[in-house]
Amino acid sequence: MLVYIDGQFYDEKDAKVSVFDHGLLYGDGVFEGVRAYNGRVFKLSEHIKRLYDSAKAIMLKVLISESEMIESVLEALRKNNLKDGYIRILITRGEGSLGIDPITCARSSVIIIADSLNLYPEEFYETGLAIISASVRRNSPDVVNPKIKSLNYINNIMAKIEARQAGVLEAIMLDRNGYVCECTGDNIFIVKNGVIKTPPVYLGVLKGITRDFVIEIARDLGYIFQEEIMTQYDIYTADECFLTGTAAEAIPVVMADSREISNGNVGEVTKSIIKEFRLRVAQEGWEI
Ligand SMILES: Cc1ncc(COP(=O)(O)O)c(C=O)c1O
């Protein structure tokens, strides 16, 4: 595999960054995860826009333009002969001194890894996931805004560890008031009385590109959609539940905190969303 670092491609064993990079020392950087399906890169401009917005929010100067970034992503896929895959883009603050002050970092770095990623085993797309609620809370928007896709994922990692310890693969993260935000790497949706609902972004939720796409699909399929603040009770008593994310796509949830959601089977609305999702992702996007 060939990895892009600052304008050059390196064999994966030679693709290395400095131990003084503040991305490593302090999690000082931002990232994106992007998918390619069937020779096309899905929602590439949206991902690049969010990447540059994240960088702007943390005052991280990216040394290449958005169009150069797009071209580099496409080139990384071409160099690796990938028509389907997962692309990780990172922008780190770059090499600096041991103090946190980013002023010592002269140049930010761009890394692009084009590979594959299977977040959940295929069987769960048919049978649905069991999830728990984590005790660790999602970052508050007034602290580290979850809209920024930063290299600081410690809360989410701790929630993921709680999930694993409970014998499941995913965890719901609440905000400090106990309202449902999202899962560790996915947005969450429920279906109740025919209405598709997801928590509003202002609570402290990543504005998922898959989330937006699923909302578009839901509307196109004629479902009623609304953003709504929800608690664990709303998840437990939902008719259906599913998660969305670039890596996860759309995946059903059939149990939360040991309560079956409805009768514990994957719901019909979820099935129709997943079906339409798979149809559309293979048809649109930037040609590699
Ligand atoms: C915390 C979190 N929520 C939601 C998502 C889903 O966002 P997207 O659909 O843009 O991949 C991600 C994706 O990485 C994430 O890290």
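Strands β1 and β6 pair in the antiparallel sense over two bridges. Strands here are DSSP runs of E at least two residues long, helices are runs of H or I of at least four residues, and both are numbered from the N terminus. To count as paired, two strands need at least two bridges found by DSSP.

Before going on, a word on what you're looking at. This is a predicted model, where local features need pLDDT of at least 70 and side-chain atom pairs count only at pLDDT 80 or more, while totals for chains, interfaces and linings use all residues. Residues are numbered from 1 along each chain as its sequence is written.

Back to β1, which covers residues 2–5 and also pairs with β2, antiparallel, over four bridges. On that side, I5 has Q8 as its bridge partner in β2. The two strands make a hairpin with two residues between them, and D6 in the turn has a positive phi of about 45°.

Now follow β6 the other way. β6 (residues 109–115) pairs with β5 (residues 85–92) in the antiparallel sense, over seven bridges. In that pairing, L90 stands opposite I111. β5 in turn is joined to β3 by eight bridges, again antiparallel, with E32 opposite I89 of β5. As a rule, side chains in a regular strand alternate between the two faces of the sheet.

Put together, these strands belong to an open sheet of seven, in the order β2-β1-β6-β5-β3-β4-β16, with antiparallel pairing. β2 (8–11) and β16 (286–287) stand at the edges with a single partner strand each, so one side of each has no neighbour in the sheet. What lies across β3, β4, β5 and β16? That's helix α2 (residues 44–57), running at about 175° to β3. The angle is taken between N-to-C directions on a scale from 0 to 180 degrees, using axes fitted to C-alpha atoms, for helices over the stretch in contact.

Let's step back to the whole chain. The protein has eight helices and 16 strands. Its radius of gyration, 19 Å, is close to the 19 Å that the globule rule gives for 288 residues, so the protein is as compact as a globular protein of that length. That radius is taken over C-alpha atoms, and the rule is 2.2 Å times the number of residues to the power 0.38. Along its principal axes, the C-alpha trace spans about 55 × 40 × 30 Å. Among contacts between residues at least 6 apart in sequence, 70% join residues at least 24 apart; a contact means C-beta atoms, placed from the backbone, within 7 Å.

Finally, the ligand. Of the 14 residues around it, G208, I209, T210, G245 and T246 come nearest, where being around it means a C-beta atom, placed from the backbone, within 6 Å. The elements that give two or more residues to this shell are α6 (209–220) and β13 (240–245), and α6 gives the most, with three.

G208 sits in the loop between β11 (195–198) and α6. Is G208 buried or exposed? G208 is buried, with 24 other C-beta atoms within 10 Å; buried takes 20 or more, exposed 12 or fewer, and partly exposed falls in between, with C-beta atoms placed from the backbone. Leaving out residues up to four places away in sequence, G208 touches N187, T244 and G245.

Technical notes:
Two residues are in contact if their C-beta atoms, placed from the backbone, lie within 7 Å.
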